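Have the sequence and the 3D view open side by side, and follow along one region at a time.

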Amino acid sequence: MSKSQEAFVARYIAVVGAGLAGAVLAHELHQAGHRVEVFEKSRGPGGRLSSKRHESVVAGLDMGAPALQAEEPGWLAQLEQWQQQGWVQPWLPRQGSWLAGEGVRLIAGQRQWVGVPSMHTPVKALLADIPVQRGVRIEKLEAHRQHITPVDAVRSYGQFDFVALAVPAPQAEPLLVHSPSLLEFARQVQPDPCWVSAIQLQQPGLDWPLDWVDLQGHPQLTRVVRHTAKPGRQQESEVWVLYANRRWSLEHLQADKAWVAEQMAQALAELVGQSLSWQALQSHRWLYARLQAQGSVPAFFDYQRRIALCADWLGGTGAQGAWRSGMACARSMLAALGRKDGV
Ligand SMILES: Cc1cc2nc3c(=O)[nH]c(=O)nc-3n(C[C@H](O)[C@H](O)[C@H](O)COP(=O)(O)OP(=O)(O)OC[C@H]3O[C@@H](n4cnc5c(N)ncnc54)[C@H](O)[C@@H]3O)c2cc1C
């Protein structure tokens, strides 16, 4: 008898991590008729697509991914569908590139996509009908014969049929102690930290014809983005978000936040050749900004051990990789567990 002909049994599935990969997986499982609960250590969903609240910045500050790029047709189709749902908008920034010894030059802009009003809008929307336990950091999984239980520092969270981990590799490690091969795989992933600073300028802002510049060989920066040029973020006082490169971020991993923000603001002033006066400066340190595994499997599902695994570091870098991994994980799980409608 094929899976679609068997009587459907709704399973109880925990998803750890409410980033894009976890949200895509949870949504697909929920749509297929399974009972899903999400656990997230932060105050809200979004992960590296989150926006930080800021009293004088409209719609929050995108301190993680500044925008999404689509190379894969499936991901592009997904973004276009989300655009119709009002969750994202396309954006064509005035784009430049900076090369050591050559300075800045204008390049043909690549179409980008941004969540509206915030980068985390699609993640929140995907989770709209699914219970999310916020502020809960799962620290271990207790495996039993008939079920598996996520546990944080204070308590355990019920008897699940399966647990899916949708977290960066270093954060998955303590949860993979019962799955030696997955643990070994996660251990090979090199974390890539990134300091990000936001600078809110005094009016009239920067006299510079670019909204987005990628830098190669710069001692400090890898990207600068005019945040207030993005759809849904316009306001009188201009805001720039600055991304430090891997090397500088690693060298200054333990530096003081205020010092980092000042250093990065100074680097922007030198880049544009103008002195800057600002109203507000802030910075955020990502320990795991970009991650990539050396494998070619976008997701894992171990039915016997009741564990699934998805995230950008399995699907390829960036949000596109997170989406691909979440979808691949859902396909594997649903092939084994079935769907309510059988298709
Ligand atoms: C500075 C920066 C710039 C970037 N720029 C781009 C870009 O231009 N384009 C692009 O496509 N991508 C970019 N990215 C990468 C992109 O944001 C990520 O690839 C994508 O958002 C990852 O999604 P994810 O679901 O795999 O992981 P995450 O977004 O990291 O989600 C994992 C979630 O799990 C939670 N979590 C972790 N451990 C636990 C635990 N034990 N218990 C409970 N919850 C837990 C975390 O809090 C987090 O919310 C950038 C990222 C950063 C930080």
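## A buried tryptophan in a loop

A residue counts as buried when its relative accessible area is under 20%, and as exposed when that area is over 50%. Please keep in mind that this is a predicted model. With that cut-off in hand, look at Trp 208: its relative accessibility is 12%, so Trp 208 counts as buried. Trp 208 sits in the loop between strand 13 and strand 14 (212–216).

Which residues does Trp 208 contact, leaving aside its neighbours within four places in sequence? They are Arg 94, Val 104, Val 213, Val 224, Arg 226, Trp 240, Leu 271, Val 272 and Gln 274. Glu 236 is 28 residues from Trp 208 in sequence, and their C-alpha atoms are 16 Å apart in space. The loop between strand 13 and strand 14 also holds Pro 204, and the peptide bond from Gln 203 to Pro 204 is cis, with omega near 10 degrees.

## The ligand and its shell

Now turn to the ligand. There are 38 residues around the ligand, and Glu 40, Arg 48, Gln 69, Asp 312 and Ala 319 come nearest. In the side chain of Glu 40, an N or O atom is 2.6 Å from an oxygen atom of the ligand.

How much of the ligand does the protein bury? Taken alone, the ligand exposes 1,000 Å², and the protein buries 96% of that. Helix 1 (20–31), strand 2 (35–40), strand 13 (192–201), strand 17 (278–290) and helix 9 are the elements that give two or more residues to the shell around the ligand. Sorted by class, this shell has 22 nonpolar, 9 polar and 7 charged residues.

The largest nonpolar core has 59 residues. Leu 20, Leu 25, Val 38, Trp 82, Leu 127 and Met 333 have the most contacts inside this core. Helix 9 (residues 318–337) gives the most to this core, with 10 residues. Another core lies apart from it and has 29 residues, including Ile 148, Phe 160, Leu 291 and Leu 314.

Leaving aside its neighbours within four places in sequence, Leu 127 is in contact with Ala 18, Ala 23, Ala 26, Val 38, Pro 45 and Val 132.

## Polar contacts around Asp 62

Which two side chains described here make polar contacts with Asp 62? One is Ser 51, whose side chain is joined to that of Asp 62 by a polar contact of 2.8 Å. The other is Lys 230, whose side chain makes a polar contact of 2.8 Å with the side chain of Asp 62.

Ser 51 is in strand 3 (residues 51–52) and has 14% relative accessibility, so Ser 51 counts as buried. A polar atom of the Ser 51 side chain also lies 3.3 Å from the backbone nitrogen of Met 119. Lys 230 is in the loop between strand 15 (221–226) and strand 16 (239–244). Is Lys 230 buried or exposed? At 1% relative accessibility, Lys 230 counts as buried. Not counting residues up to four places away in sequence, Lys 230 touches Asp 62, Pro 66, Trp 91, Val 114 and Val 225.

## Loops worth a look

A cis peptide bond runs from Val 116 to Pro 117, with omega near 0 degrees. Pro 117 lies in the loop between strand 8 (112–115) and helix 3 (121–126). In the loop between strand 18 (300–302) and strand 19 (307–309) you will find Arg 306. Phi of Arg 306 is near 65 degrees, a positive value in a residue other than glycine, and at 15% relative accessibility Arg 306 counts as buried.

Finish at Gly 135, in the loop between strand 9 (132–134) and strand 10 (140–143). Gly 135 has 51% relative accessibility and therefore counts as exposed. Leaving aside its neighbours within four places in sequence, Gly 135 is in contact with Glu 40, Lys 41 and Ser 42. Thr 149 is 14 residues from Gly 135 in sequence and 17 Å away in space, C-alpha to C-alpha.

Methods. Residues are numbered from 1 along each chain as its sequence is written. This is a predicted model: local features need pLDDT of at least 70, side-chain atom pairs count only at pLDDT 80 or more; totals for chains, interfaces and linings use all residues. Side-chain values use heavy atoms; hydrogens and water are left out. A nonpolar core is a set of buried Ala, Val, Leu, Ile, Met, Phe, Trp, Tyr and Cys residues joined through side-chain atoms within 4.5 Å. Buried means under 20% relative accessible area, exposed over 50%, partly exposed in between (1.4 Å probe, protein chains only). Helices (H or I, at least four residues) and strands (E, at least two) are DSSP runs, numbered from the N terminus. Contact means heavy atoms within 4.5 Å. A residue is near a molecule or strand if one of its heavy atoms lies within 4 Å of it. A polar contact is a pair of N or O atoms within 3.5 Å; within protein, one must be able to donate a hydrogen and the other to accept it, and residues adjacent in sequence count only if both atoms are side-chain atoms. Accessible areas come from the Shrake-Rupley method with a 1.4 Å probe; for residues, only the protein chains shown count as cover. Ala, Val, Leu, Ile, Met, Phe, Trp, Tyr, Cys and Pro count as nonpolar, Asp, Glu, Lys and Arg as charged, and the others, Gly among them, as polar.
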